[in-house]
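Below is a short briefing on one protein model. It is arranged by topic, with the cut-offs given where each term comes up.

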Amino acid sequence: MLQEFCATTGYSPPYAAYLLRTYARRVVLGGDAGPHEASPWRRQRKHVVDPAVVEALVWVDHLAGELCGKRLQTAIPELLHALERSGTAVADLLRVALLHMGSATMDRLLRAEKAKGTDREHCSRVRRGGPRES
C-alpha cells in the first residue's frame, strides 16, 4: 500500500508513512488549534524525592561551595568518601540516592535553596575590580 501511495503521489516513503500515520490528527502550524485530543500515551507519574534526600543534597551542596549540578554530580563521590574518612557516617540509602541522582534533578531540587541567596559572600558570582590591563 505504501509503495502504491508513493508511486501515485510522488512522495518519499518516510514522508508518505508520516502522512498516513498522522492523517486523522489535525495539525496547525503557528497558533492554537483549539481543544486538543487526549494523548493515547499516559504521562508517567513524576518522581517524588524523599525530603531526607533533599536535605542531604542541600548539605552536600553547601559543603561543596554551591556548585552547579554538573560539577556537584561529579564531586559527590569524592565528598562522600572524604566524609567517611573524617568519621561522618552517611546512610546507605542517602548515599545511593545521591550517587544515582542526575545533574538536572540536582539543579531542580536546589533551585529554591539557591533562590534564597543567603550567606553567599564566599562564592561571589560577580568579578570585582576594574578593567584588566593588557
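Arg108 is placed in helix H6 (residues 103-116); helices here are DSSP runs of H or I with at least four residues, strands are runs of E with at least two, and both are numbered from the N terminus. The model is predicted, so local features need pLDDT of at least 70 and side-chain atom pairs count only at pLDDT 80 or more, while totals for chains, interfaces and linings use all residues. Residues are numbered from 1 along each chain as its sequence is written, and side-chain values use heavy atoms, with hydrogens and water left out.

**Surface patches**

- Arg108 has a relative accessible area of 43% and is therefore partly exposed; buried means under 20%, exposed over 50%, and partly exposed in between (1.4 Å probe, protein chains only).
- Together with Arg43, Lys46 and Arg111, Arg108 forms a patch of positive charge on the surface.
- Patches take residues with over 30% relative accessible area and no salt bridge, joining like charges within 9 Å and nonpolar side chains (Val, Leu, Ile, Met, Phe, Trp, Tyr) within 5 Å.
- Lys and Arg count as positive and Asp and Glu as negative, with His and the chain ends not counted; the charge is placed at NZ of Lys, CZ of Arg, CG of Asp or CD of Glu.
- Met1, Leu2 and Leu20 make a nonpolar surface patch of about 310 Å², with accessible areas taken from the Shrake-Rupley method with a 1.4 Å probe; for residues, only the protein chains shown count as cover.
- Leu20 belongs to helix H2 (residues 13-21) and is partly exposed, at 38% relative accessibility.

**Salt bridges**

- Three salt bridges are present in the structure, each defined as a side-chain nitrogen of Lys or Arg within 4 Å of a carboxyl oxygen of Asp or Glu.
- Arg95 and Glu84 form a salt bridge with an N to O distance of 2.3 Å. Arg95 is in helix H5 (residues 92-100) and Glu84 in helix H4 (residues 69-86), so this pair ties together parts that are eleven residues apart in sequence.
- Arg95 is buried at 18% relative accessible area, whereas Glu84 is partly exposed at 44%.
- Arg85 is bridged to Glu78 at 3.7 Å, N to O; Arg85 is exposed at 57%, and Glu78 is partly exposed at 48%.
- Lys116 pairs with Glu113, their closest N and O atoms being 3.4 Å apart. The two residues are three apart in helix H6, so about one helical turn separates them.
- Lys116 counts as exposed at 55% relative accessibility, and Glu113 as partly exposed at 22%.

**Aromatic pairs**

- The whole structure contains three aromatic pairs. In one of them, the ring centres of Phe5 and Tyr11 are 6.4 Å apart and the planes are at 50 degrees, so the pair is tilted.
- Rings of Phe, Tyr and Trp (its six-membered ring) pair if their centres lie within 6.5 Å; planes under 30 degrees apart are stacked, over 60 edge-to-face, and the rest tilted.
- Phe5 is partly exposed at 25% relative accessible area, as is Tyr11 at 37%.
- Ring pairs connect Phe5 and Tyr11 with Tyr15 and Tyr18 in a cluster.

**A buried leucine**

- Leu57 is part of helix H3 (residues 51-64) and counts as buried, with 0% relative accessibility.
- Between Leu57 and Ile76 the C-alpha to C-alpha distance is 9.4 Å, and the two are 19 residues apart in sequence.
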